[in-house]
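Let's take a friendly walk through the inside of a protein. Have the sequence and the 3D view ready.

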Amino acid sequence: MTSAMVLAVALAGCGGGATGSSAPAAEPAEQPPVAADLTPVVARDGGSVLPVQWQGGAFMQIFVRSYQDSNGDGIGDLRGLIQRLDYLRDLGVKGLWLLPIGPSQDRDHGYAVTDYRAIEPQYGSLADFDELLQQAHARGIGVIIDYVINHSAAQHPLFVHARASSSSVVRDWYLWQQISKPIGWNIYGSDPWRSNAAGGWYFAAFWDQMPDFNLRNPKVVDWHHDNLRFWLNRGVDGFRFDAVGHLVENGPAAWDNQPENLQLLRAARNTILDGYTRRYLVCEGPGAPLSYQEACGSAFAFGHHARVLQAARGDGAAIAAVAGHFRTAPLTMATMLANHDSFAGQRIHDQLGGNLAQYRLAAATYLLMPGTPFIYYGEEIGMSGAASLSGDPKLRTPMSWNGDVRNAGFSSGIPYRALSANVTTMNVAAQQSDPASLLSFYKAMLALRNGLAPLARGSWEAARQEGQVLSFQRALGSERVLVAINYGSTAAQAQVSSLAASAALENRFPAGAGDLAADAQGALRIELPAQSLRVFVVR
């Protein structure tokens with residue numbers, strides 16, 4: 001039997017192979033083996049040590065390469081992250097989202113994956129990752145990882161084999177046109193059909209070095225499911241699925257947010273994730289957040305994040321939009337202020353021009369609202385982008401642990417990338433013991449969310465905008481919390497009604513502010529200084 005025939009048998013046994021018009025002939029020329037891990041993976045649920053509804057707490061989004069270097073090579077790694085778990089626990093974080101941690105062709109952002117079942121060597125080993133899970137779980141912190149389902153790296157062994165010959169046994173694992181190049185396509189200003197040196201054209205929406213998988217091929221889907229089980233079996237608490245709007249294309253005018261995308265995501269959730277205890281899936285679908293929320297169980301509320309920031313600037317229309325968001329949106333949506341992608345906005349410090357009063361109000365808004373809030377690493381200390389960089393790298397600078405302009409406490413060596421522009425003033429060491437710091441404010445907001453159950457998983461009620469004031473209530477069972485925020489630059493009042501007659505309002509923030517009481521009709525006015533926040537437990 002030829003090596004190609006051996007490979008075909010192995011692929012058939014693990015859900016691999018090729019189908020369709022570009023399938024190999026019955027007796028193709030002998031081909032080299034596919035140097036990829038295609039082994040089937042059987043589900044083994046080890047349970048979960050995390051509490052029920054753990055994902056109601058705040059997550060920290062972490063770029064491992066930029067978080068903490070443990071060995072002096074200037075690159076962040078898993079052992080460095082382990083060293084910082086106590087910081088994250090003390091901050092009040094309940095989950096981590098790690099940007100891609102597998103080997104990649106780009107050797108930076110990680111989205112050009114070359115091995116779906118391994119760890120980037122610069123980050124450490126699978127044993128290091130296992131220890132990270134163990135140590136995080138011991139602190140009550142869950143860990144989800146970025147999973148790139150839409151595309152691989154061009155250097156991934158599957159694509160290397162597929163592009164070498166039109167008769168490759170895995171040719172149909174990617175999208176090809178052999179006879180003529182399709183016309184009329186334009187995705188983000190580029191033609192996604194890329195010329196292949198060995199003939200034909202392949203589809204790569206984001207970059208010619210990140211070819212798209214053919215997710216109409218059930219063998220590809222089965223392989224992805226095996227990869228998910230590989231990580232779930234190790235104890236991963238879930239995934240963030242990247243670029244789910246691009247999974248299937250139906251032509252040059254229908255290449256995003258297609259119905260087939262939702263079917264694929266429901267299958268991954270129902271068939272794989274739901275077979276494990278307390279696992280969490282969140283999807284990135286900026287073009288149709290509500291559709292992906294339904295399919296995945298959670299999706300990022302793109303658009304809402306920009307409105308929160310505009311509300312923090314005192315924009316009345318934005319405040320009204322924030323008040324109305326969760327009247328229709330599911331309470332389990334993932335929220336944020338910004339993330340690692342420049343299309344979602346610059347670092348918050350840069351967007352708000354260093355206005356820390358507005359910064360605090362934006363943070364309070366999304367950390368006390370429904371959903372699962374995701375904090376982008378360094379957001380809690382007001383990190384800015386790097387002055388010498390642009391694009392996405394500007395947002396992905398080494399974490400500012402201290403004000404050392406050589407390495408920011410990130411590494412004992414030379415950091416691989418430029419530091420944030422405000423490293424000398426906005427860093428952990430400068431804020432750690434300052435009760436008036438931004439870091440202390442984030443701790444206070446997370447302490448409220450973690451300590452008051454309605455803020456983590458309660459209802460959304462009586463949300464009201466009046467001028468530059470927002471008030472809302474969160475309730476869970478017999479517990480109720482009231483929040484009032486004045487985004488304006490002058491003092492104002494929050495008009496609150498619909499409380500129980502003569503309800504007692506116990507002050508929870510800020511410290512030292514007085515308790516209040518509703519009148520016989522369940523109404524009251526709350527005096528709010530300029531750019532201030534009040535939080536009450538309603539008795």
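Which residues line the second largest cavity? They are I149, L215, V221, H224, H225, L264 and A268. A cavity is a set of points on a 1 Å grid over the protein atoms alone where a 1.4 Å probe fits but cannot get out, and lining residues have an atom within 4 Å of a point. Helix α6 gives the most to this lining, with three residues.

Before going on, a word on the model: it is predicted, so local features need pLDDT of at least 70 and side-chain atom pairs count only at pLDDT 80 or more, while totals for chains, interfaces and linings use all residues. Residues are numbered from 1 along each chain as its sequence is written, and side-chain values use heavy atoms, leaving out hydrogens and water.

Now look at the largest cavity. Among the residues lining it are P100, D115, Y147 and W231. Strand β3 (residues 142-147) contributes the most to that lining, with three residues.

Next comes the disulfide. A disulfide is a covalent bond between the sulfur atoms of two cysteines; here the test is a pair of cysteine sulfur atoms within 2.5 Å. The structure holds one: C283 and C296 are joined, with their sulfur atoms 2.1 Å apart. C283 sits in strand β8 and C296 in helix α8, 13 residues apart. Both C283 and C296 are buried, meaning under 20% relative accessible area with a 1.4 Å probe, protein chains only.

Finally, find L88. Its contacts (heavy atoms within 4.5 Å) include M60, Y67 and I141, leaving aside residues up to four places away in sequence.

How values were computed. Helix = DSSP H or I, 4+ residues; strand = E, 2+ residues; numbered from the N terminus. Buried < 20%, exposed > 50% of the residue type's maximum accessible area, 1.4 Å probe, protein only. 1 Å grid on protein atoms, 1.4 Å probe; cavity = no way out; pocket = protein on both sides within 12 Å on 5 of 7 lines; lining within 4 Å.
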